[in-house]
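Please look through the sequence and the model shown here before reading the report that follows.

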There are 2 protein chains.
Amino acid sequence: MKTTNSKPAAPFAYEGLDRVIHERARLSVLTSLMTHPNGLSFVELKQLCALTDGNLARHLQVLEEDNMVRLTKEADGGRAQTTARITASGRRRYLEYLTILEQVVRDAASVNHEGEENQLRRKLTPLNT
Amino acid sequence: MKTTNSKPAAPFAYEGLDRVIHERARLSVLTSLMTHPNGLSFVELKQLCALTDGNLARHLQVLEEDNMVRLTKEADGGRAQTTARITASGRRRYLEYLTILEQVVRDAASVNHEGEENQLRRKLTPLNT
DNA sequence: GTCTATGCTTTGCGTTACAAAGCAATTCAA
DNA sequence: TTGAATTGCTTTGTAACGCAAAGCATAGAC
């Protein structure tokens, strides 16, 4: 018999950390879009997130393919510009992701009172048989 | 005149998101180690973080090369086992990283009262001429 | 018309994460 | 003692990924 196959003993695995979201550039883009529900233009995003053109384009592509953002070309008199908006499901997934982030912050914060090194072994179950 | 060249206008860039830390597996490992100042064995880490052997080994290697953790082989009667501990500078860098994470959470949270879509344009400076 | 600037897209490359396979040390059975 | 099986990692191979440089097309200035 091997470990009785009980699964839940991986308190630090953070499985909810969606890889599509958990990437600096895309996290930047998505957070920008979360706080700007009316959408942001390509150029605005580029500036807000300090990304290069190619970089932003690639990440927007990934996000669109994964249905996290919607891209629209809007000709406003002059040349068409790309506007990005977060989708409903994108928003939902982002909030889930945030939940995990908060968990990380909480887990880590639980030890910030340095010095007392021995009193926080609670999270680790015995492990030895 | 064009935006007067003031630089700090990339509020969502999150430059402090250290790539070595900002990776699911390593974030798991580091958070585990933060909360276990006495160190954790290879096997314990593997379980806590739900990582495969090869995976954990590789990430520990990266973390050691970057001076975030220290690895020691300790022969405790039987075969030597590897114990990982977070270093002082690792702890410092992790805490810096946490600061940014908290900023992300705060930025995103500032919009969680959905519905009122128009009142949070403060973070974005005009941008249009 | 040509020239420059703007707004993206595409391409190419180095890096990386990941899993499968490998290997060495230990324990156990006979 | 000697195989076989388990444990504790390491190494290797590959596919995916991020990134920047180069490319391209449209718009406006002249």
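Helices, of at least four residues, and strands, of at least two, are runs assigned by DSSP and numbered from the N terminus. In this predicted model, the elements of chain A follow the order α-β-α-α-β-β-α from the N terminus on, which comes to four helices and three strands.

Considering chain A as a whole, buried residues make up 27% of its 129 residues. Of the contacts in chain A with a separation of 6 or more, 53% are between residues 24 or more positions apart.

Which residues are the closest to DNA strand C? Among the 21 residues that surround this DNA strand, the closest are Phe42(A), Gly54(A) and Ala57(A) from chain A, together with Gly54(B) and Arg79(B) from chain B. The elements that give two or more residues to this surface are, in chain A, helix H2 (42–49), helix H3 (53–65) and strand E3 (80–86), and, in chain B, helix H1 (24–34) and helix H3 (53–65). H3(B) gives the most, with five residues. Sorted by class, the surface near DNA strand C holds eight charged, eight polar and five nonpolar residues.

Terms used
Residues numbered from 1 in each chain as written. Chains lettered and ligands numbered in written order. Predicted model: local features only at pLDDT ≥ 70, side-chain atom pairs only at ≥ 80, totals over all residues. Near = placed C-beta within 6 Å. Nonpolar A, V, L, I, M, F, W, Y, C, P; charged D, E, K, R; others polar. Buried ≥ 20, exposed ≤ 12 C-beta atoms within 10 Å, placed from the backbone. Contact = placed C-beta atoms within 7 Å.
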